[in-house]
Amino acid sequence: SAISGLLFAGCGSTDAAPAAAGSGGQGAFTGTGGSATGGQGAGANTGGAPAAGGNAGASTGLGGSPTTGGVTGVGGGAGAGGVGPNGWKLVWSDEFDGSAIDPKKWEHEVNCWGGGNGEQQCYVADAKNSFVAGGALHLVALKDAPSGVIGGPGNDNTPVTRPYSSARLRTKHLADWKYGRMEAYAKLPWGQGLWPAFWMLPTDEIYGGWAASGEIDIMETVNLMPGANHVVGTLHYGASWPGNVHTGTSYDPPTNTWESFHLYAVEWEEGEMRWFVDGHQYARQNKWNTKSVAFPAPFDQLFHLLLNVAVGGAWPGPPNAQTNFPQEMGVDYVRVYQCAADPVKGHGCGTSDPGVAPL
């Protein structure tokens, strides 16, 4: 995608570093894996690209466009069905080159519940909060006191008002995968109380409610600001809440994640996962469990992708007076590759730094 005019307003204040590595996933207290009744995005964003609460002119957009193959070039140059470097076969992508969010690829989740983490936003399907423009997807958090129903698993339709609106998109039942390389090239929001994420949940919770059926956090950050540029990769598993556990770690990219685009990726094969930022591997996991089920469960089933910007919640805490709105996550593309040599188990295409010990 060619990027133009991705504009971000944001400011941090207190140097509140994120919680310990791996703390609190996007579904950190969900009862059923974060699933929620969501309205289809069809038609919700067909009205063109709004200025998103006055971002236009807020600051200078990113100059130029990223390399076609992504920062690492993994799979670069391979069209759908073609086999690129390292044997990765591009099987799905959204380059966000159109004028609207593709309802054949993404569904909006619509509720004021979030992931059950005490978040302070309503997720909506409004064009002011999620739209495609300038070759990128924009997910925008606004301070606009939206009203809606609580929604979410096990909740009723009690109307509530939250301080913020935002967007959460997923590919559930539209595109689901077992094993592969999942990557997103994104520029993140910053400031106290902001919680963007690129992650995966099980499409069918065959091992039980969250987190017995697993959660894969490819990229999460909270409270980005000078001195706190942590990117976190985490797995959630074990038994259903509250018997769940999580393991993960963090990495600080050499340039700020809110000032430029970075490539966030996970390579997932049978029995192992590896996390990358801009081609740098910073984590590897090959030990996990789910109650009463043999390894490599729960990460041996179909999972789908999610993109969202949460506001507040148990992990980041609330925004403060120095947190500016609107805040955006810009996504230039999302791509999924599978291993051409072994699409069943995913072995043989990944790259692994022997210096990165398993967690």
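Let's start with strand β15, residues 262-269, where eight of the eight residues are buried. Buried here means under 20% relative accessible area, with exposed over 50% and partly exposed in between, using a 1.4 Å probe and protein chains only. Strands are DSSP E runs of at least two residues, helices are H or I runs of at least four, and both are numbered from the N terminus.

A word on the source. This is a predicted model, so I keep to its cut-offs: local features need pLDDT of at least 70, side-chain atom pairs count only at pLDDT 80 or more, and totals for chains, interfaces and linings use all residues. Residues are numbered from 1 along each chain as its sequence is written, and side-chain values use heavy atoms, with hydrogens and water left out.

Back to β15. Both of its faces are covered. On one side sit H262, Y264, V266 and W268, all buried. On the other are L263, A265, E267 and E269, also buried.

Who are the partners of β15? Strand β10, residues 180-187, is joined to β15 by seven bridges, running antiparallel. Pairing requires at least two DSSP bridges between two strands. In this pairing A186 stands opposite H262. Strand β16, residues 272-277, also pairs with β15, antiparallel, over six bridges. There W268 faces M273 across the pair. β15 and β16 make a hairpin with two residues between them. In the turn, G271 has a positive phi of about 90°.

Now the whole chain. There are 19 strands and zero helices. Of the 359 residues, 57% are buried. The accessible surface is about 12,300 Å², and carbon and sulfur atoms hold 53% of it. Those areas come from the Shrake-Rupley method with a 1.4 Å probe; for residues, only the protein chains shown count as cover. Next, contacts, meaning heavy atoms within 4.5 Å. Among contacts between residues at least 6 apart in sequence, 77% join residues at least 24 apart.

Next, an open sheet. Which strands form it, and in what order? Seven of them: β2-β9-β18-β11-β12-β13-β14, with antiparallel pairing. β2 and β14 (244-251) are the edges, each with a single partner strand, so one side of each has no neighbour in the sheet. Inside the order, β11 (residues 194-202) and β12 (residues 215-220) pair antiparallel over four bridges. F198 stands opposite M219 in β12.

On to the rings. Rings of Phe, Tyr and Trp (its six-membered ring) pair when their centres lie within 6.5 Å; planes under 30 degrees apart are stacked, over 60 edge-to-face, and the rest tilted. That rule gives 14 aromatic pairs. One of them is Y185 with Y333, stacked at 5.6 Å centre to centre and 20° between the planes. Y185 is in strand β10 and Y333 in strand β19, so this pair ties together parts 148 residues apart in sequence. Both Y185 and Y333 are buried. W288 and F299 have ring centres 5.3 Å apart and planes at 90°, so they are edge-to-face. Both lie in the loop between β17 (280-285) and β18 (303-311), so this pair ties together parts 11 residues apart in sequence. W288 is buried at a relative accessible area of 6%, and F299 at 0%. Ring pairs also link Y179, W268, W288, F295, F299 and F303 into a cluster.

Two charges sit over rings. The test is NZ of Lys or CZ of Arg within 6 Å of the ring centre and within 35 degrees of the ring normal. K105 lies over the face of W92, 5.8 Å from the ring centre. The charged end of R181 sits over the ring of F276, 5.6 Å from its centre.Last, the disulfides, meaning cysteine sulfur atoms within 2.5 Å. How many does a search of the whole structure find? Two. C112 and C122 form a disulfide with sulfur atoms 2.0 Å apart. The torsion about its S-S bond is about 100°, so the disulfide is right-handed. C112 is in the loop between β2 (107-108) and β3 (121-123), and C122 is in strand β3. C339 and C349 form a disulfide with sulfur atoms 2.1 Å apart. Its torsion is about 75°, so this disulfide is right-handed. C339 is buried at 3% relative accessibility, and C349 at 2%.
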